[in-house]
Amino acid sequence: MSTTILRTASRFIVPLGLLFAFFIYFKGHQTPGGGFVGGLVASVSLVVHRMAMGGKSLERMLPIRERTMIAIGLLCAVGTGTAALFFGLPFFTSNHGYLSDAFDNFEWATVMVFDLGVMLVVTGVVVGMIDALSIETEEPDKEGSSR
Amino acid sequence: MNPHLIILFVILPMAAGIVSVLLHSFKQAQRVVGLLFLLANAACAAWALATVVTAPDAVSRILTSQMGNWPAPFGITIVVDPLSAIMLTVSSVTCVAVFIYCSTQLPTRFAGGYFYALFHLLMMGVQWAFITGDLFNLFVAFEIMLMASYVLFVVGTTREQVRQAYKYILLNLLGSTLFVTALGWLYGQLGTLNMADMSRMAMMGTLPKSSIPVIALLLVVFGGKTAIFPLWFWLPDAYHTLPAGIVGLFAALLTKVGAYVLIRVFVMIFGPSQEVSQVLVPVLMISAGVTMFLGVLGAVSMHTVRRILSIHIISQVGYMVMGIGMGMTIGAATGSKELAVAGAIFFVIHNMAVKCCLFLCGGLMQTHAGSDDLDRIGGLLKKAPWLATLFMIAAMSLAGLPPLSGFFGKFVLIREAITQERWVVMTFAILTSLFTLLSMLKIWSYGFWSPAPEVSLEKADMRRAISEGLMHERPRIAGGMVAVVLLVGVSLSMGLGAQKYLDISTLAAQSLVNPEPYIEAVLGKERIREIEASRLQASRLTMDTEGVR
Amino acid sequence: MTVLTAILVGLIFACSAYMMLGRELKGVCMGVFLLGHGANLAILASSRSPVGLIPPVLDGSALSRYVDPLPQALILTAIVIGFAVQAFLLTLLVLTWRRQETLELSELAEEQSH
């Protein structure tokens with residue numbers, strides 16, 4: 001799978017893809033986009049990196065394991081919802097407002113933390129899933145770890 | 001109590017699951033933290049039950065919270081009414097017991113990896129199903145629960161388990177697909193999936209005729225999950241391959257969630273609609289009779305503890321369905337309907353504790369004797385007298401001997417069958433009860449009473465059982481016994497305090513047979529006025545037509 | 001359009017039923033996945049346009065341009081759930097192949113006897 005062309009291209013594709021993923025994530029509050037799609041785009045670029053450089057390299061690149069990523073993402077998502085309970089409001093009640101002119105009146109919302117959680121979960125799930133499934137094609141003789 | 005806190009029943013197990021994942025390599029910490037979370041969850045459930053039961057009137061008995069402050073029926077609603085509260089309480093206590101059993105008795109082959117996280121996520125799905133106020137969230141809750149159960153099914157697999165796991169997973173996937181299709185169609189017909197809103201339509205008689213086949217399709221879906229006749233074929237093969245702790249959990253939760261949903265959907269939502277009842281009641285009654293009788297015949301013919309108990313789950317589901325059918329009968333007095341549903345609810349909670357307890361007892365028998373094949377074990381009465389006593393109490397409770405909990409559930413159901421003059425199903429219920437006693441005595445006499453057989457376990461088998469962690473030379477069963485004692489305690493409290501439990505069940509049944517308070521709590525007062533107005537109009541119409549005649 | 005979609009749904013259901021009746025696990029699993037897609041299409045086809053039902057956020061003026069968003073939300077959720085289940089089933093298939101070296105149901109059944 002790993003050719004010179006792919007390896008060279010992946011140096012551009014991966015950072016651009018990750019950047020684009022964050023763009024989609026920030027865009028997602030009012031317009032199409034959001035954490036789920038952003039997470040998918042991010043995981044696609046990570047998978048491209050994996051295809052080009054191999055699983056070991058991806059493992060070195062990611063600061064945390066996939067399962068920790070999923071757990072932290074879920075904590076973000078549940079935490080945002082739970083925060084509303086402390087104000088005596090129903091679970092998942094969200095709040096939003098605008099940043100100052102210096103930031104182009106950027107609209108912030110508590111949902112963004114939730115979406116960040118979703119993004120982490122989706123990235124963790126997809127990367128972990130592809131990791132687990134492609135062990136088979138890469139090292140057919142090695143007894144796979146059933147993580 | 002702040003009603004918004006009822007979401008804790010989803011948050012707590014989910015948080016426990018997340019923490020278990022983060023503590024992946026620390027088994028002992030996972031056990032301690034998991035137990036703490038489960039105890040907190042049980043405390044919350046007891047608190048919700050207390051709030052619901054002591055509330056002054058029917059509407060305030062129903063705690064609702066609108067997710068994200070979006071009003072029903074547009075947003076997602078979660079509701080704890082007396083039925084949810086009692087189911088939550090009993091299931092959370094049962095889960096504590098199973099958790100203790102699993103963390104002490106289950107070999108690491110099964111309880112390694114993400115076992116504890118999956119346990120909590122399964123529970124999250126179940127509790128979510130108990131508190132959800134619309135059918136689509138019910139689907140999501142079901143999927144979470146099933147997903148966790150799929151994985152639990154295949155951890156530490158033996159060959160037989162893999163084969164059965166495929167059957168279980170594929171059939172459940174088929175069921176889920178049918179479920180989501182039916183939901184889409186139902187939404188297309190009714191324009192809503194909110195339980196209170198659908199119930200309102202049923203009360204006003206505005207359910208379109210074309211929605212009845214879709215509702216019948218829902219019966220197929222839930223019937224499959226609950227394992228009623230003729231959709232029960234997946235259960236007996238699947239369950240007996242699992243280790244006792246996991247099958248105890250499944251027996252306590254999975255089919256009972258199905259029974260809960262049958263009660264919720266068919267008694268509360270569509271029960272008020274005459275057209276639906278007309279179609280479904282005969283189906284439910286026939287299915288109930290056949291389910292309970294065939295189930296128990298299957299159980300009597302089996303010869304290993306887990307198989308007997310697995311098939312027994314089916315037979316017990318029959319009683320619940322019988323109660324549901326009688327609770328929907330057109331023309332029956334409201335009091336009789338309420339009692340029938342109360343009997344079904346009582347039976348569900350009794351079954352949760354007792355069935356789970358029997359499976360755990362079976363597991364402990366296996367730990368003692370190395371097998372649960374009744375031909376190869378025996379003499380456990382001398383070897384484990386306390387286990388024998390506890391097993392006997394649970395078994396007799398299942399068979400329905402007074403003053404144990406099973407008796408009261410069956411008593412109420414059979415009495416209502418007599419009131420409604422349903423002689424056939426009543427006969428089947430009594431016969432089933434007798435056969436249940438027989439099958440329980442079979443385990444008792446072969447496993448505990450009779451001397452250990454000549455052809456005991458062969459040395460090789462014994463060694464294999466020990467190496468697989470299924471048997472121990474000197475069994476350490478203290479944790480398992482704690483779990484069993486807890487469950488027997490729950491069952492005894494239901495038997496000796498039957499009046500209290502029946503009162504709560506009746507309270508729950510009242511808000512199901514007449515869902516007006518539920519609708520008011522979820523949708524607000526104006527909708528109730530609409531119902532009243534439409535009823536007035538209907539009565540005027542009939543008066544007019546009579547006048548014309 | 002609705003008729004065409006209905007025919008397509010029927011075709012997909014038929015294909016998946018045919019695949020599920022096979023004896024080979026890979027095909028059976030694919031059949032189940034296909035069934036999920038058919039179901040999603042069926043939901044989409046059975047959802048109606050919201051004319052006459054006022055959605056909570058609109059004043060009703062631009063209704064003809066909108067479709068009812070809820071069935072699409074249902075489908076999206078169903079797709080995500082299906083995604084998870086498919087990943088799990090595929091992993092299970094891989095593991096089964098690794099351990100048993102067969103995906104024929106009948107061969108799995110034979111091994112169970114001894």
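Analyst: The buried residues of α17(B) pack against α13 (305-328), α14, α16 (385-399), α18 (423-449), α20 (478-496) and α21 (498-513) of chain B. Helices here are DSSP runs (H or I, at least four residues), numbered from the N terminus. A residue is buried if 20 or more other C-beta atoms lie within 10 Å of its own, with C-beta atoms placed from the backbone. Two residues are in contact if these C-beta atoms lie within 7 Å.

This is a predicted model: local features need pLDDT of at least 70, side-chain atom pairs count only at pLDDT 80 or more, and totals for chains, interfaces and linings use all residues. Residues are numbered from 1 along each chain as its sequence is written, while chains are lettered from A and ligands numbered from 1 in the order in which they are written.

Helix α17(B) covers residues 405-419. Its 15 residues reach 22 Å from first C-alpha to last, close to the 21 Å expected at 1.5 Å a residue. That expected span is 1.5 Å times one less than the number of residues. Its buried set includes B:Phe408, B:Val412, B:Leu413 and B:Ile414. B:Lys410 and B:Glu416 are buried too. Just after the helix, B:Glu421 takes a positive phi of about 55°.

Now α14(B), one of those partners. Helix α14(B) (residues 334-369) and α3(B) (residues 82-105) have axes that come within 9 Å and cross at roughly 5°. Axes are lines fitted to C-alpha atoms over the stretch in contact, with angles from 0 to 180 degrees between N-to-C directions. The two helices are therefore roughly parallel, a term for angles under 35 degrees. Among the contact residues are B:Leu83, B:Ile86 and B:Tyr101 of α3(B), and B:Ile345, B:Met352 and B:Leu360 of α14(B). By class, this contact has 12 nonpolar, five polar and no charged residues. Nonpolar means Ala, Val, Leu, Ile, Met, Phe, Trp, Tyr, Cys and Pro; charged means Asp, Glu, Lys and Arg; the others, Gly among them, are polar.

Chain B also meets chain C. There, 30 residues of chain C contact 25 of chain B. The largest share of the chain C side, 13 residues, comes from α3(C). That side divides into 21 nonpolar, seven polar and two charged.

Over residues 140-147 of chain A, pLDDT is below 50. pLDDT is the predictor's confidence in each residue, from 0 to 100. Where it is low, the predicted coordinates should not be read in detail.

Key. Angles under 35 degrees count as roughly parallel, over 145 as roughly antiparallel, 65 to 115 as roughly perpendicular and the rest as oblique. A residue is buried if 20 or more other C-beta atoms lie within 10 Å of its own, exposed if 12 or fewer, and partly exposed in between; C-beta atoms are placed from the backbone.
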